[in-house]
Amino acid sequence: MDTRQLLKQNFLFAGVSEEDLDELLAICRKKNHTRGDLLFSDGDEAEGFFIVGSGKVKVFKLSPEGKERILHIVHPGSSFAEAAIFGNGLYPAYAEPLEKSQLLFFPRDEFLGLLHRRSQLAINMIGGLSRFLRQFASQIEELTFKDVPARLARYLLDLAGDQSSFDLPISKTQLASNLGTVSETLSRTLRKFSDEGCIKVEGKKITILDADRLEDLAESYT
């Protein structure tokens, strides 16, 4: 993992000076984790935030009955828990790797001290938190006003990008949780999309056959 390049690619640190990068590299710590390692729990004191170097991490909440609801799947190059180092300083959810992962950890006190000394980093952090809030607002809108087919269609289109075929990066059970539904409903919706000629499903491989139809579904409201 090229740590300097990883920092440059993260939206929190895009455009910062080489001197700022040197300071960031001086305080970050590489951590190796295996699948299922609990990185932090809901309500724990926020000791810092993370950037995924390799692997994947799920951020999730648990209901009083113990039902898991995945909030985010964090992929390489993306950060998580950065908002928790501000405010009341508590982690608002749980986090654990979905597979063997290498993470960069930024301790809270050292990072906040760096923000005081480096104004560009502070400006970038504000921008990063604003982006997080926009994503969170969009997620709430999706869950509140859109049904499962619309949410799934948007997820598949976003994941595909410019490609027509791709592999699902997470299990269907995890995807169902991420979309706020259950595995049975997800399977029925995938089968419906396939029957209607929108997609082709081969195990974890998805091929987009009718992107326009998926786009119409993604923009529909309940």
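User: Taking buried as under 20% relative accessible area, exposed as over 50% and partly exposed as in between (1.4 Å probe, protein chains only), which of these is Glu99?
Analyst: Glu99 counts as partly exposed, at 32% relative accessibility. This is a predicted model, in which local features need pLDDT of at least 70, side-chain atom pairs count only at pLDDT 80 or more, and totals for chains, interfaces and linings use all residues. Residues are numbered from 1 along each chain as its sequence is written, and side-chain values use heavy atoms, leaving out hydrogens and water.

User: OK, what does the side chain of Glu99 meet in a salt bridge?
Analyst: Its partner is Lys56, at 2.9 Å from N to O, where a salt bridge is a side-chain nitrogen of Lys or Arg within 4 Å of a carboxyl oxygen of Asp or Glu.

User: And is Lys56 buried or exposed?
Analyst: Lys56 is buried, with a relative accessible area of 12%.

User: How many salt bridges does the structure hold?
Analyst: There are 17, including one between Arg117 and Glu23, whose closest N and O atoms are 3.1 Å apart. Arg117 lies in helix H3 (residues 108-117) and Glu23 in helix H2 (residues 18-27), so this pair ties together parts that are 94 residues apart in sequence; helices (H or I, at least four residues) are DSSP runs, numbered from the N terminus.

User: Switching topic, what does Asn178 touch?
Analyst: Not counting residues up to four places away in sequence, Asn178 touches Arg69, Ile70, Leu71, His72, Ile73 and Tyr155, contact meaning heavy atoms within 4.5 Å. Asn178 lies in helix H6 (residues 172-178) and is buried, with a relative accessible area of 15%.

Terms used. Helix = DSSP H or I, 4+ residues; strand = E, 2+ residues; numbered from the N terminus.
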